[in-house]
Amino acid sequence: MNKSKIFLALLGTFLIGVSLGIVFTVLNPQFAENLFSNLKQLFGNKLDGVQDNFSLFKLIFLNNTRVAILAAFGGVLFGVVPLGILFFNGFLVGIVVEYSYLQGESLTKILVSILPHGVVEIPAFAIAGLGGIEWYLEIIKGEGTVGERFIKGFKIAMKMLGVAIFLLLIAAFIEAYVTPNLAGYNL
């Protein structure tokens with residue numbers, strides 16, 4: 001399987017998660033409301049000390065970088081971890097989008113709250129996961145000793161993780177500085 005197919009499969013997994021999150025919310029609005037409330041409380045607690053855009057930027061960037069590292073290193077485990085991360089994030093996005101819509105939020109505001117940073121952030125997670133999967137594939141299909149294949153795959157994964165972290169830096173900037181202005185919820 002080539003890199004572009006794996007990348008597209010990872011993005012597709014995210015979109016499947018979004019779709020299922022929306023369907024789940026329509027079918028189980030009470031559970032979705034409880035989950036949304038718990039997510040709000042969880043993220044609200046993380047946001048308690050955030051008083052300015054730079055603090056928000058740091059929080060978002062560090063959190064997303066941890067997820068990207070997990071996707072890259074977890075990719076070596078048969079590619080399961082990055083698929084799970086993208087599916088779960090998509091599922092949560094689907095729940096948040098549908099729940100917000102059911103609560104009367106306009107679709108435009110919902111999309112403006114998600115898309116500007118999401119179009120950079122989600123591919124970044126997919127790139128990190130792709131690096132981990134490439135590492136795994138190099139170990140099982142590469143040339144040379146297992147040790148050589150492990151090191152070669154690791155180098156590939158770390159280069160891709162570097163690209164992902166750079167993209168996450170951009171996404172965090174957009175989410176902390178641009179999205180609040182566009183969506184009308186300034187700090």
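**Helix H5 and its setting**

The protein carries 12 positive and 11 negative side chains, and the centres of these two sets are 8 Å apart. Lys and Arg are the positive residues and Asp and Glu the negative ones, with His and the chain ends not counted; each charge is placed at NZ of Lys, CZ of Arg, CG of Asp or CD of Glu. The model is predicted, so local features need pLDDT of at least 70 and side-chain atom pairs count only at pLDDT 80 or more, while totals for chains, interfaces and linings use all residues. Residues are numbered from 1 along each chain as its sequence is written, and side-chain values use heavy atoms, with hydrogens and water left out.

The whole chain comes before the part. Its secondary structure consists of six helices and zero strands (DSSP runs numbered from the N terminus, H or I of at least four residues for helices and E of at least two for strands). From the N terminus the order is α-α-α-α-α-α. The radius of gyration is 18 Å, close to the 16 Å given by the globule rule for 187 residues, so the protein is as compact as a globular protein of that length (taken over C-alpha atoms; the rule is 2.2 Å times the number of residues to the power 0.38). The C-alpha trace spans about 60 × 40 × 25 Å along its principal axes.

Of the 187 residues, 40% count as buried (under 20% relative accessible area; exposed is over 50% and partly exposed in between, with a 1.4 Å probe and protein chains only). Taking contacts between residues at least 6 apart in sequence, 80% join residues at least 24 apart (contact means heavy atoms within 4.5 Å).

Ser 113 counts as buried because its relative accessible area is 19%. Its side chain reaches the backbone oxygen of Lys 109 at 2.8 Å. Beyond residues up to four places away in sequence, Ser 113 touches Thr 179, Ala 183 and Tyr 185. Leu 62 is 51 residues from Ser 113 along the chain, and their C-alpha atoms are separated by 20 Å.

Ala 126 also belongs to helix H5. Ala 126 is buried, since its relative accessible area is 0%. Leaving aside neighbours within four places, Ala 126 is in contact with Phe 7, Leu 10, Leu 11 and Leu 86. Phe 166 lies 40 residues from Ala 126 in sequence and 13 Å away in space, C-alpha to C-alpha.

Phe 173 sits in helix H6, residues 146-183, and is partly exposed at a relative accessible area of 43%. With residues up to four places away not counted, Phe 173 touches Phe 57 and Val 178.

Phe 78 is placed in the loop between helix H3 (53-74) and helix H4 (80-102). At 63% relative accessibility Phe 78 counts as exposed, and its phi is near 65°, a positive value in a residue other than glycine.

How values were computed:
A polar contact is a pair of N or O atoms within 3.5 Å; within protein, one must be able to donate a hydrogen and the other to accept it, and residues adjacent in sequence count only if both atoms are side-chain atoms.
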